[in-house]
Amino acid sequence: MLILILSSDLELKFVTHTDVAKDFCPPTDNIGMPIEASKSLIETDPNLSFDCRAALKGKPGQIRRIVGASKEEYLRRISLRRSDNGLQDELIISYQAGALTPRLELAKVRQRFANAIEAVSDPVAYFDSEDRIVLCNTAYANLHTKLGSGSVVLPGMKFEEILRQDLENGALEVSKEAQDAWLSERLKKRRDAVFETEIRTRDRRWFRVIDRLTVDGDRVHLLIDISKLKTAQRQLEEVEAGSKVGLWSLNLETGEGLVNRHWEEMFGFEQNTLNPVGFEGWRTLVHPDDLPTAMSGFDDCIAGIKDRFEVEYRMRHKEGHWVWVLSRGGIADRDAEGRVYQMAGVLIDISTRKELEGDLNLRAAAVQASADAIMVTDASGEIIDANSALLRLFRAQKQEEILGYPWYRLYARSAAAKLAAEAFPAIRIHQQWRGEVISTRLDGSQFEQAISMTEMPDGKIVHVSRRLCRILCLTCFVRPSGSGLRT
């Protein structure tokens, strides 16, 4: 097994002496240099830099299947650990050789399941048919650890053990006298295929607990924080005053409605100028072209198609101009026969957002019309956007031939490795790099391009390039196709 240790700056700190992966093992002379300086390694594993940076940002380390120049397969893993001084993170990278396809697929399935649970922001755990915990996300482990002093959740613990531990540590708001009865009833309900309840923790948070039995007898256990819902009524007046959201309610039987002060102010009216607002009176304020859209939410709720709606439309201001609004509403009450009786919702002024959307659409059109080839890669190096000039430059017929592929698809292996060695260390330090590089079109032909790479705060990189022959045509500048890059 080949093992590498990198600093948080992606400098090589250690490499094992092994006969494994000789065709891409970095030489010891590269210790202290950026990992991209190891050309043969980057040619074999071009996404290594991106995966390392993702691991440093807390994302799960990717498991990849790597094929060396000798066609031997390797399973590459990345893990994060604290360095000896406890101050700086280190990356441990391992390459394991062998027939790895079955192990890789199993590892991917397990990792996807773990990633799926970890991606849920609410506490969630998975228990086997014997009610022992198999897997839980960080939110679930932290919930029990923080609530109870000395509490801990470990694989193999029974659900009853976790509850008893929480009760003993005072993590739940259950009196000592009622704990036995509460625990007995909770475990009894635990046997139901579907069960929901609510609990309150000692830090005064409310959680809705949802248990679901799987087809093979396992159980999914989810806790959703509903503290905000529990205090919504008390906070409603504060929210109304602070956010200036327009509130409305409509009695469908009488056709009369009520609105709050902010609803009236949104359209230039003094308080209680419009109240009560009739349904027909509201219709006269809506832009004629938007009336079908505005009515669709009410119609869907009345017809029983939806319980809630969200639509955008324009309404006339007292001074004559149009105000863009977002209307969110739904069914508030029904009569004894189940017919919709009352509807209520909020109205939000989104005029500023609409102006910004117009500006963004104009900028997007400008990017598409640009003569420069522009593409964007995400934090993993995958191409997520490209303009028409880039498609033409690389002779792609449609975006699907470019989007979703790694950045190095547009370069020969050696050119990609040289570009990585030159550009990525500079981008990590200065967030940008400029230079010249030999690129490869989709039809296999090569050309030289001037390229500028700029990193965004979210890790995306914007690549702006132009074919050099268009810039240097007066000098008839020609380079051999096998040459590298120039900055």
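**Close-up views of a predicted protein chain**

View 1. Setting aside neighbours within four places in sequence, I402 is in contact (heavy atoms within 4.5 Å) with I383, A386, L390, L391, A396, R409, L410 and L442. This is a predicted model, in which local features need pLDDT of at least 70 and side-chain atom pairs count only at pLDDT 80 or more, while totals for chains, interfaces and linings use all residues. Residues are numbered from 1 along each chain as its sequence is written, and side-chain values use heavy atoms, with hydrogens and water left out. A nonpolar core here is a set of buried Ala, Val, Leu, Ile, Met, Phe, Trp, Tyr and Cys residues joined through side-chain atoms within 4.5 Å. Buried means under 20% relative accessible area, exposed over 50%, and partly exposed in between (1.4 Å probe, protein chains only). The largest such core has 30 residues, and those touching the most other members are I402, W407, Y411, L419, F424, W433 and M453. Two or more residues come from each of β17 (373-377), β18 (383-386), α13 (388-393), α14 (413-430), β19 (432-440) and β20 (446-455). Helix α14 gives the most, with 9 residues. Helices (H or I, at least four residues) and strands (E, at least two) are DSSP runs, numbered from the N terminus.

**View 2. Helix α14 and what covers it.** Does α14 run straight or bend? It bends by about 30° at A420, the bend being the angle between axes fitted to the seven residues ending there and the seven starting there. How far does α14 span from end to end? The 18 residues of α14 should span 26 Å at 1.5 Å a residue, and the end C-alpha atoms are 25 Å apart, which agrees; the expected span is 1.5 Å times one less than the number of residues. The buried residues of α14 are A415, A416, A417, L419, A420, A423, F424, P425, A426 and I427. Their cover includes α1 (39-44), α2 (48-56), β19, β20 and β21 (461-467).

**View 3. Two loop residues with positive phi.** Most residues other than glycine have a negative phi. Q431 has a positive phi near 65° and sits in the loop between α14 and β19. Q431 counts as partly exposed because its relative accessibility is 36%. L10, also not a glycine, has a positive phi of about 65°. L10 lies in the loop between β1 (2-7) and β2 (12-15), and at 0% relative accessibility it counts as buried.

**View 4. An open antiparallel sheet.** The 6 strands follow the order β13-β12-β11-β16-β15-β14, with antiparallel pairing. Two strands pair if DSSP finds at least two bridges between them. The edge strands, each pairing on one side only, are β13 (277-278) and β14 (308-316). Strands β15 (322-334) and β16 (340-349) pair in the antiparallel sense over 9 bridges, and D333 stands opposite Q342 in β16.

**View 5. Q179 in helix α6.** Q179 is found in α6 (179-189) and is buried, with a relative accessible area of 14%. Not counting residues up to four places away in sequence, Q179 touches L167 and V174.

**View 6. The whole chain, for orientation.** The protein chain holds 15 helices and 21 strands, and 39% of its 487 residues count as buried. The chain exposes about 26700 Å², of which carbon and sulfur atoms supply 51%; accessible areas come from the Shrake-Rupley method with a 1.4 Å probe, and for residues only the protein chains shown count as cover.
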